[in-house]
Amino acid sequence: MSRRVWSRLFFRNRVENSGDQVFVLSLKIVAWATVSLFAGMLVYLVYLARGAIEALGFNFLTTNDWNPPMEIFGAAPFLVGTLASSFIAIFIAAPVSIGTALFLKEVAPKRVARVVGFLVELLAAIPSVVYGLWGVLVLAPVMRDHVQPFLASWFGPGTYFAQALGHVLTGLFYPFLLIADVLGLTEVTLGTLSEKMMALAQGLFDGPPLGLGLLSAGVVLSIMITPTVTAMSREVLAIVPDSVREGALGLGATRWEMIRIALLRSSRAGLVGAVILGLGRAIGETMAVTMVIGNRNEIPKSLFEPAQTMASVIANEYNEADGLHLSSLAAVGLSLFLVSLLVNLAARGFIRWIERGTRA
Amino acid sequence: MTDSEISLRTEGLSAWFGDHHVVKSISLSVSRNDVYALIGPSGCGKSTFIRCLNRLHEEIDGARVQGDVWISGDSGSENIYAPGSDPVAIRRQVGMVFQKPNPFPGLSIFDNVVAGLRLAGVKRRSVLEEVVETSLKHAALWTEVKDKLKKPGTSLSGGQQQRLCIARALAVRPKILLMDEPTSALDPISTARIEELVMRLRSEVTVLIVTHNMQQAARISNQTAFFLMGELVESGPTSRIFTKPKDTRTEQYITGRFG
Ligand SMILES: Nc1ncnc2c1ncn2[C@@H]1O[C@H](COP(=O)(O)OP(=O)(O)O)[C@@H](O)[C@H]1O
Ligand SMILES: [Mg+2]
């Protein structure tokens with residue numbers, strides 16, 4: 001390549017000053033380094049996982065059994081564990097965080113907001129392993145003795161909640177069933193679908209309260225991501241100019257109505273972004289989850305049961321793995337990488353979709 | 001002037017930001033259907049004063065108000081600073097248009113106009129549609145937007161946004177409309193349209209308008225008050241204030257010697 005082409009490649013915007021040239025060049029190097037690191041990690045993961053990919057193919061993700069001594073490797077339990085624990089975390093953390101952000105930004109006096117805001121941000125500074133310890137020593141016993149029995153009595157098998165949820169889920173999935181049926185993809189009938197959904201709903205809060213398990217992991221995760229989601233939500237709310245708030249108040253809006261018409265409508269894309277950022281953190285979190293989730297390589301039928309996430313199985317088994325086992329763990333890592341990527345891409349698409357309705 | 005003609009009256013109205021006393025014991029009365037201009041140099045407390053008239057000033061951290069503001073409604077005269085008086089109810093009778101157009105982002109033109117009505121609990125689609133049309137016609141915006149009511153309010157030009165905000169304020173049929181330099185962020189053509197609009201509005205609503213543009217005050221108002229450093233220096237018919245001011249400071253200001 002000629003010198004001109006080279007220089008065009010690196011200095012697309014012509015920069016006269018030589019100090020500036022060095023500066024721009026170093027920025028470009030850093031930017032490209034990030035991209036190559038990303039690509040390199042992906043390639044290396046695929047390389048490590050090639051054994052599992054060749055031996056198992058796509059079945060790897062759908063096989064519901066992980067049994068290293070028998071050389072059976074299916075990642076479905078971990079996929080379910082990761083998604084379930086992360087969604088429990090979001091289910092709790094999203095309303096709490098957005099509520100906290102609204103309180104700090106719109107309701108609390110400035111001094112209170114500063115102190116409480118600082119405390120919430122401090123939560124982010126606590127090391128993961130400390131959350132894990134707290135989960136094992138404090139949260140798990142409380143969950144076992146109080147929360148889980150309470151949940152079981154209100155939402156457990158035989159309750160109206162479980163009954164209703166079963167019907168709702170059947171209704172939700174019925175359209176998919178119809179489509180799959182038309183395409184000839186499934187043998188499932190409405191009867192069996194309803195049975196399955198009922199079993200799912202009845203089982204959700206079933207079983208002995210163990211303390212350690214999926215639900216506790218979700219709770220710990222929710223606390224861990226709350227500072228991130230709260231801080232992001234506060235930033236998002238800060239973008240809305242005060243003049244818009246005053247416009248609402250001037251129309252005779254109460255504080256809550258002001259939040260509803262002047263803030264939530266205009267910031268929903270940003271708030272969804274904040275929540276997805278938290279979701280991303282929850283999906284990848286390892287240490288605390290590994291300590292609290294109970295580490296059982298099966299798809300849990302109840303939120304009370306122990307489970308395993310993609311991150312936690314790697315942390316648990318990496319040390320003593322070799323051969324196909326090791327390469328399967330790498331494949332789990334690759335899947336985790338891809339799931340995180342997918343969540344982020346989906347989030348971007350979703351935010352853009354919301355923004356289309358918001359802006360001109 | 002009989003009491004029934006008075007639309008708004010302040011008595012010893014003072015306002016503070018923390019220890020900073022910015023509005024100093026102002027007493028002033030505004031008659032029904034006046035267009036009342038408030039003029040004075042920047043920082044003299046015009047905005048603060050007008051924001052006391054719908055109890056918006058107190059929303060700022062550390063802000064405080066003293067004195068009385070009487071507004072006349074269907075059931076006689078009411079002091080908006082009487083103990084137990086509800087600021088939310090007051091703000092539904094006293095509309096406000098701000099310096100910077102502030103349509104609600106994320107809301108369509110339609111939803112912006114009816115935001116106040118919805119707050120008041122009006123849900124009937126036919127009623128809302130009618131109010132949107134009359135309010136936008138009032139605000140001289142209807143012909144420009146009638147085919148794109150579902151578009152976001154923020155997609156309009158600055159001048160259109162300001163007229164949208166006026167329509168939004170008018171939609172709840174306030175008795176009094178407060179306008180804080182409503183044209184200072186706009187181009188001359190938009191400014192002219194809003195001035196025309198204000199002059200037409202006076203048959204239905206009492207207008208208090210802050211302006212630092214004296215030609216504007218002279219063009220559209222029938223009463224003018226001159227503020228200086230938080231005090232009311234002089235008030236009276238606009239023509240007299242501009243031709244025969246009693247106070248030398250007023251004269252200096254309107255002849256452009258300070259401010
Ligand atoms: N939010 C605020 N906090 C503290 N001081 C303020 C605030 N807004 C205005 N002030 C002060 O109050 C005084 C009056 O301001 P303002 O009412 O906005 O004047 P005007 O509208 O006549 O230009 C000024 O000295 C200004 O610095
Ligand atoms: Mg002002």
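The structure examined here is a predicted model, and the predictor assigns the complex an ipTM of 0.91 together with a pTM of 0.84. For chain B the pLDDT averages 91, and 97% of the residues of that chain score at least 70. Chain A contains 14 helices and two strands, and its C-alpha atoms fill a box of roughly 70 × 65 × 50 Å when taken along the principal axes. Of the 360 residues in chain A, 41% count as buried.

Aromatic contacts were examined over all chains, and the count comes to 13 aromatic pairs. One of these pairs is formed by A:Phe150 and A:Trp154, whose rings lie 6.4 Å apart, centre to centre, with 45 degrees between the planes, an arrangement classed as tilted. Both residues belong to helix α6 of chain A, where A:Phe150 and A:Trp154 are four residues apart, about one turn of the helix. With a relative accessible area of 48%, A:Phe150 is partly exposed, whereas A:Trp154 has a relative accessible area of 55% and is exposed, because the cut-off for that class is over 50%. A further pair joins A:Phe155 and A:Phe205, and it is likewise described as tilted, because the ring centres are 5.6 Å apart and the planes stand at 45 degrees. This pair links distant parts of the chain, since A:Phe155 lies in helix α6 of chain A while A:Phe205 lies in the loop between α8 (190-203) and α9 (214-239), 50 residues apart. The relative accessibility of A:Phe155 is 25%, so this residue counts as partly exposed, whereas A:Phe205, with a relative accessible area of 10%, is buried. Both phenylalanines are members of one aromatic cluster, which is formed by A:Phe155, A:Phe161, A:Phe205 and A:Phe304.

In chain A, the charged end of A:Arg50 sits over the ring of A:Tyr47, at 4.4 Å from its centre. In chain B, B:Arg64 lies over the face of B:Trp16, and the distance to the ring centre is 4.1 Å.

Charged side chains also meet one another. Side chains of opposite charge can pair when their charged atoms come close. A search of the whole structure finds 20 salt bridges over all chains. In chain B, the side chains of B:Arg9 and B:Glu11 meet in a salt bridge with an N to O distance of 2.5 Å; B:Arg9 counts as partly exposed at 23% relative accessibility, and B:Glu11 counts as partly exposed at 36%. Another salt bridge of chain B brings together B:Arg118 and B:Asp111, with 2.9 Å from N to O. Here B:Arg118 is partly exposed, with a relative accessible area of 37%, whereas B:Asp111 has a relative accessible area of 18% and is therefore buried, the cut-off being under 20%. B:Arg249 forms a salt bridge with B:Asp247, in which the closest N and O atoms are 3.2 Å apart, and B:Arg249 counts as partly exposed at 38% relative accessibility. In chain A, a network of salt bridges links A:Glu106, A:Asp242 and A:Arg245.

The surface of chain A carries a nonpolar patch of about 440 Å², made by A:Leu133, A:Trp134, A:Leu137, A:Val138 and A:Val142. Of these residues, A:Val142 is placed in helix α6 (residues 128-155) of chain A, and at 38% relative accessibility A:Val142 counts as partly exposed.

A:Glu71 counts as partly exposed, at 48% relative accessibility. B:Ser25 counts as partly exposed, at 49% relative accessibility.

Technical notes. Residues numbered from 1 in each chain as written. Chains lettered and ligands numbered in written order. Predicted model: local features only at pLDDT ≥ 70, side-chain atom pairs only at ≥ 80, totals over all residues. Heavy atoms only, no water. Patch = residues over 30% accessible without salt bridge, like charges linked within 9 Å, V, L, I, M, F, W, Y side chains within 5 Å. Areas by Shrake-Rupley, 256 points an atom, 1.4 Å probe, with all protein chains shown as cover. Salt bridge = Lys/Arg side-chain N within 4 Å of Asp/Glu carboxyl O. Buried < 20%, exposed > 50% of the residue type's maximum accessible area, 1.4 Å probe, protein only. Phe/Tyr/Trp six-rings, centres within 6.5 Å; stacked < 30°, edge-to-face > 60°. Lys NZ or Arg CZ within 6 Å of the ring centre and 35° of its normal. pLDDT = per-residue confidence, 0-100.
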